[in-house]
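Colleague: I would like to learn how to read a helix and its surroundings in a model. Where do we start?

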Amino acid sequence: MNIVLLGAPGAGKGTQASMLVEKYGMCHISTGDILRAAVKNQTPLGVKAKAFMDAGDLVPDELIIDLMKERMQEPDTEKGVLLDGFPRTTAQAEALDTMLAGLERPLDAALLIDVDFDVIIKRLTSRRMCRECGYIGTAADEKCPKCAGEMYQRDDDNEATVRNRLDVYEKSTAPLIGYYKDADKLITIDGDRDPQVVLADVEKALNL
Ligand code: AMP
């Protein structure tokens, strides 16, 4: 199955993705995770992407599309992918359609995890991530509950940057809701509930 996870930053895409991966072994591709690793390792992509990410702006389409073209060629994508944080613009969505058509793989659904912005601002500013395993927790987690690794706050989870990321989402990414609705692929899930309850709805929607 090939799935796009849509939703504002902090809607719970990463959390749902990691639960789906754990339960069903799907191939999870998060452009945000790939970019953060590239920044950490100071690769040419990371060096180009860092300033955009720190400001909460989008990394230019060409860089992301090239990155995804390469990633989609890897053998682990053949069993289907769960795309988290990509596409984020209409140009990226069109490029994804072309990539999937070239690989003769269908897009099964675009799952919109829907959460109000005031809830998101509270969630993101208290979000913490594990440096070792990427577990997504909150400020209440002193150590990672999964691997006891160090929990840290992402550079872009401060309030000013969060507000910019939400503006960018509204302007550049929210139009994809209409894009996938027109393509008859859109499934909307209420994301303002316990992650397990959201997961149950996701499973039902995808017939898992
Ligand atoms: P995320 O972890 O998905 O919230 O992504 C973190 C940051 O990485 C975003 O704020 C962007 O700066 C960048 N990024 C991730 N995915 C994309 C994308 N598909 N297009 C452009 N920028 C992206």
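Modeller: With a term: contact means heavy atoms within 4.5 Å. Keep in mind that this is a predicted model. In that sense, what covers the buried residues of α7 includes α3 (44-55), β4 (109-114), α6 (117-125), β5 (127-130) and α8 (175-182).

Colleague: What span should the 15 residues of helix α7 have?

Modeller: At 1.5 Å a residue, helix α7 (residues 159-173) should span 21 Å. Its end C-alpha atoms are 20 Å apart, which agrees.

Colleague: Which residues of α7 are buried?

Modeller: First the general idea: an α-helix has 3.6 residues a turn, so residues three or four places apart point the same way. In α7 the buried residues are Thr161, Val162, Arg165, Leu166, Val168, Tyr169 and Thr173. They cover an arc of only 160° around the axis, and therefore lie on the same side of α7. The face turned away from that buried side carries the exposed residues Ala160 and Lys171.

Colleague: What does Thr173 touch?

Modeller: Thr173 lies in helix α7 and is buried, with a relative accessible area of 5%. Not counting residues up to four places away in sequence, Thr173 touches Pro87, Arg88 and Val168. The C-alpha atoms of Thr173 and Ala8 are separated by 8.2 Å, although these residues are 165 apart along the chain.

Colleague: How many aromatic pairs does the structure hold?

Modeller: There are two aromatic pairs. In one, the rings of Phe117 and Tyr169 have their centres 6.3 Å apart; their planes are at 65°, so the pair is edge-to-face. Phe117 lies in helix α6 and Tyr169 in helix α7, so the pair ties together parts that are 52 residues apart in sequence. Phe117 counts as partly exposed at 28% relative accessibility, while Tyr169 is buried, with a relative accessible area of 10%. The rings of Tyr179 and Tyr180 also form an edge-to-face pair, because their planes are at 85°, with centres 5.1 Å apart.

Colleague: Which residues touch the most other members of the largest nonpolar core?

Modeller: In soluble globular proteins, nonpolar side chains tend to be buried together. Here the largest nonpolar core has 50 residues, of which Val4, Leu83 and Tyr180 touch the most other members. Tyr180 counts as buried, at 0% relative accessibility. Leaving aside neighbours within four places in sequence, the contacts of Tyr180 include Val4, Leu6, Pro87 and Leu107.

Colleague: Where does the charged end of Arg131 sit?

Modeller: The charged end of Arg131 is over the ring of Tyr152, 4.4 Å from its centre.

Methods:
Residues numbered from 1 in each chain as written. Predicted model: local features only at pLDDT ≥ 70, side-chain atom pairs only at ≥ 80, totals over all residues. Heavy atoms only, no water. Helix = DSSP H or I, 4+ residues; strand = E, 2+ residues; numbered from the N terminus. Expected span 1.5 Å × (residues − 1). Buried < 20%, exposed > 50% of the residue type's maximum accessible area, 1.4 Å probe, protein only. Arc of directions from axis to C-beta. Phe/Tyr/Trp six-rings, centres within 6.5 Å; stacked < 30°, edge-to-face > 60°. Lys NZ or Arg CZ within 6 Å of the ring centre and 35° of its normal. Core = buried A, V, L, I, M, F, W, Y, C linked by side-chain atoms within 4.5 Å.
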